Amino acid sequence: MSEVRAKKILTDLVKKSGCTYSVDNILTMFRNKDAKYSNKRLGALLTQLFKTIPNGAKYVDEFVSSNPKDSYAALVLLLNNFLQDCKNLQAEKSTVAAQVQPPVIDSVSKRAAIFESPPLSSTRIVSDQQITPENVQEIKEKIVKATSGSAVNRSSGVIPAALVPQTFEYMAKKGTIVSWNFNYEELYPMQNKNVAAIPLSSQEPIVMKELLDCLVGVKGSLIVPKKSIRTVGLFPVEFEVSDQIEESLRDIVREILPLASHYSQVQDFIAASSSLESGQVLQALRAALQAIIKDYYLSITQLEDLFLKQALTFHKLLYFLRPVFHTMEVLAETVTAIRQTNCRGGTVLTLLYDKIIATTGDEKSRKVLIHLIEMAAVPYMEMLQLWIFNGVIHDTRKEFLVEHHAMDLNENDMMDYWEKQYIIRTDKVPCFLNEYADIILRTGKYLNVIRECGSSVDYQQNVCVALKYTHSDHQTYIKAIEDAYNYASSSLLNLIMDKYNLMGRLCSVKRYFLLQQGDFIDQFMDICEEDLNKDVDELRPMRLENLLEVTLNMSSARYDEYNDDLKTMLLPYGIVTQISKIVKKEDVFLDTLGDTSQLKGIECFTFNYNAQWPVSIVLNRWTISKYQMIFRQLFYLKYVERILCRVWIANNRTKQFAPQTAKLYRSAFTLRQKMLIAIQSFESYMMIEVIEPNWHHFYQNIKQIKNVDDVLKYHQDFLDQCIENCMLTDQDLLKSIINLCNICIQFCTFLAEAQRHFVDAELCSMLASTDEFSLSSESDYDFACQQDATSMEPTETFSERVERFHSDFTNQLMSLLRKITDIATQNPSQKFINLIHRINFNSYYSDNFDS
């Protein structure tokens with residue numbers, strides 16, 4: 001109603017000021033949804049509207065000085081204040097004009113003199129005081145103060161602390177002057193009644209009249225509410241009964257007065273929750289209480305009618321009020337509990353529901369409370385219906401169970417967009433919706449994704465029944481929630497799986513990140529190996545992108561329709577640092593200022609994948625980082641395997657050597673083969689025993705999914721299982737594997753440095769007749785190797801160097817096997833024991849190491 005009045009006032013202001021903006025345009029500007037207009041600019045618009053109003057600058061200053069966050073609510077409040085001030089000014093003028101006329105003064109004096117009981121406003125003009133032109137001003141000020149309430153404060157140009165508070169505090173609210181609740185100040189003192197000397201039969205109607213007035217919040221002179229320093233509304237009102245009343249009547253009055261106290265608490269709650277910031281649920285509860293109070297007024301009116309007919313006695317009054325006592329007591333307890341907890345929205349419904357459960361067996365109390373909760377739940381269920389049918393939240397006072405955080409649709413923040421844009425306010429979930437809170441959240445979230453994809457949401461067209469809470473029939477709204485959820489989940493699932501081919505995307509990711517596309521990886525390594533061997537600071541990302549594009553076009557990957565989403569990436573840290581970031585849940589894509597001078601390209605290289613919306617819900621950057629972990633480990637193992645195989649090819653030349661010369665290289669070739677078997681065992685374990693079985697399990701689960709959250713859950717389970725069983729979550733194991741690979745690379749580098757001496761040995765074996773050029777002894781070969789093999793110590797022979805590599809490799813491998821054995825013992829469900837049997841076949845390493 002206040003918004004309707006504000007719009008009408010605004011229309012008049014626009015006409016009077018000649019403003020070029022229409023009323024709708026001005027309201028749109030003050031709603032300020034996109035935060036385009038500052039309060040200063042809106043204040044300038046108000047200046048134009050109030051330029052024809054006397055003292056209009058006061059209202060503009062009120063708006064600007066308060067600097068409200070909700071400019072629309074501030075405008076509504078300001079316009080209503082302006083309307084109230086106008087009414088007060090008009091009433092003031094009418095009062096002064098009426099009081100300066102002598103006939104009217106006499107008439108008022110006569111009516112005041114013959115009035116036997118206090119009028120409804122609890123004011124009484126003493127008969128011996130005459131109204132003269134000299135005291136008109138004093139009377140005027142008191143009337144304005146009584147009728148306008150806080151208007152005097154507004155006219156001073158000072159706005160309350162916050163024009164539109166962000167949170168509703170009951171404690172700061174006071175009843176308005178027009179409410180019947182003992183909360184107004186007297187214009188003139190009440191005329192004291194002396195009833196002590198009156199007989200009981202004459203005293204009874206006077207006391208009964210005051211008691212009936214007290215039951216509707218009107219002060220009297222014999223029954224007076226005590227002034228209390230305690231917070232109004234939280235504690236029952238106490239009354240002081242005059243000692244002049246006869247003792248028997250006084251006892252009956254005290255027995256009835258708790259009803260007036262309960263009424264006062266309810267009335268105070270109605271007045272306190274009348275502001276806009278109290279929220280829709282409290283507004284609906286307030287309306288239900290007002291309807292009950294209206295019936296209460298009707299009952300008191302009927303009793304007054306009996307009183308005027310002289311057919312009402314105190315015993316009859318007590319008899320007629322008995323049924324009302326219990327109802328008002330329940331209402332008073334309920335509103336007091338709400339004010340004490342200062343709750344709003346869904347919390348109010350939970351409180352009412354708990355009270356219904358607590359009053360099991362008391363059918364009268366349950367009936368009242370059920371009526372209250374059903375009425376209070378109407379706006380909440382409307383918000384719920386709008387959310388589950390359309391995916392829209394209309395909750396300006398933060399009462400609904402779903403909270404919306406506005407976020408941009410950024411591909412880099414897709415995980416946050418899905419997880420954090422809509423969250424549940426646990427304190428605003430009504431207890432009768434606790435089991436369905438997650439379903440409600442996901443229903444609206446699914447509908448929002450469908451809308452973001454450009455598809456229409458037409459579920460509400462098929463639903464004609466409005467969502468309504470009925471305490472005796474929960475299945476009605478529960479079925480509506482479940483039906484809406486089934487529609488939203490199936491619609492989004494079909495959209496992602498069919499239109500956007502989610503499984504095709506996932507297979508594309510598996511093809512590149514999990515090395516399923518064998519020819520692509522081999523060709524990519526052939527092209528990029530020279531670049532990846534350089535320091536990472538010397539690499540050019542654009543060159544790697546070009547080489548990737550060439551490889552995609554040359555290999556069978558060119559038939560993949562999603563290969564354009566595959567990109568190259570150089571991270572500023574190694575694989576161990578990345579896994580620590582994932583474990584700590586840090587941003588793995590955030591650029592760091594770490595030292596990269598010691599890192600090679602092969603240590604920092606990885607793939608990236610740019611999935612488009614809505615596939616990016618599943619393939620978000622957090623998920624891609626897990627794929628990258630597995631890829632970097634497999635890619636590094638593949639790189640080490642290629643180096644070892646290349647050394648094996650080069651070592652085949654020794655077959656042409658003389659037996660005595662070839663004997664020098666047997667230990668090196670044996671160690672190379674051990675290294676190759678270990679590296680290939682790690683590869684086959686990760687790809688055959690971990691990735692493929694888990695992928696098969698994931699693929700079977702995808703066939704049974706019912707919603708997108710199941711897809712996310714199964715996909716995350718697949719990645720987590722792969723990372724855990726590939727030993728990527730344990731930093732000690734991961735460092736041991738990396739150190740083992742580094743030993744293999746160092747050994748291959750050592751053999752490559754000594755490669756030219758194989759050619760010398762081959763020539764010498766062909767010139768067997770020339771003894772002075774023959775490298776027939778190990779010492780001669782070692783002397784030649786020492787001239788160029790920079791990685792060898794000056795006094796170290798070739799065999800000693802190979803033996804040192806053998807010792808380092810064996811010790812590192814045995815240390816790794818021990819760690820894997822310990823983990824496999826503690827977690828029998830994991831597959832680490834299979835890796836141990838692969839590498840330590842027939843207990844080869846363990847037996848030899850023990851011996």
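**Exercise 1. Is arginine 254 buried, partly exposed or exposed, and what is its relative accessibility?**

Before we start: this is a predicted model, in which local features need pLDDT of at least 70 and side-chain atom pairs count only at pLDDT 80 or more, while totals for chains, interfaces and linings use all residues. Residues are numbered from 1 along each chain as its sequence is written, and side-chain values use heavy atoms, leaving out hydrogens and water.

*Solution.* 
- Step 1: recall the classes. Buried means under 20% relative accessible area, exposed means over 50%, and partly exposed lies in between (1.4 Å probe, protein chains only).
- Step 2: Arginine 254 has 43% relative accessibility and counts as partly exposed.
- Step 3: look at its partner. Arginine 254 forms a salt bridge with aspartate 251 (4.0 Å, N to O); the term means a side-chain nitrogen of Lys or Arg within 4 Å of a carboxyl oxygen of Asp or Glu. Aspartate 251 is partly exposed too, at 43%.
- Step 4: find the pair in the fold. Both residues sit in helix 10 (residues 247-272), three residues apart, so about one helical turn separates them. Helices (H or I, at least four residues) and strands (E, at least two) are DSSP runs, numbered from the N terminus.

**Exercise 2. Which parts of the chain does the salt bridge between aspartate 535 and lysine 600 link?**

*Solution.* 
- Step 1: check the contact. The two side chains meet at 3.1 Å, N to O.
- Step 2: locate each end. Aspartate 535 is in the loop between helix 19 and helix 20, and lysine 600 is in the loop between helix 21 (575-583) and helix 22 (601-604). The two are 65 residues apart, so distant parts of the chain are linked.
- Step 3: Aspartate 535 is partly exposed at 25%, and lysine 600 is partly exposed at 36%.
- Step 4: widen the view. The structure holds 24 salt bridges, and Asp526, Glu529, Arg642 and Arg646 are linked in a network of them.

**Exercise 3. How many disulfides does a search of the whole structure find?**

*Solution.* 
- Step 1: recall the bond. A disulfide is a covalent bond between the sulfur atoms of two cysteines. The cut-off here is a pair of cysteine sulfur atoms within 2.5 Å.
- Step 2: The search finds zero disulfides.
- Step 3: Cysteine 722 is in no disulfide, and the nearest cysteine sulfur, that of cysteine 726, is 6.0 Å away.
- Step 4: check burial. Cysteine 722 is buried, with a relative accessible area of 0%.
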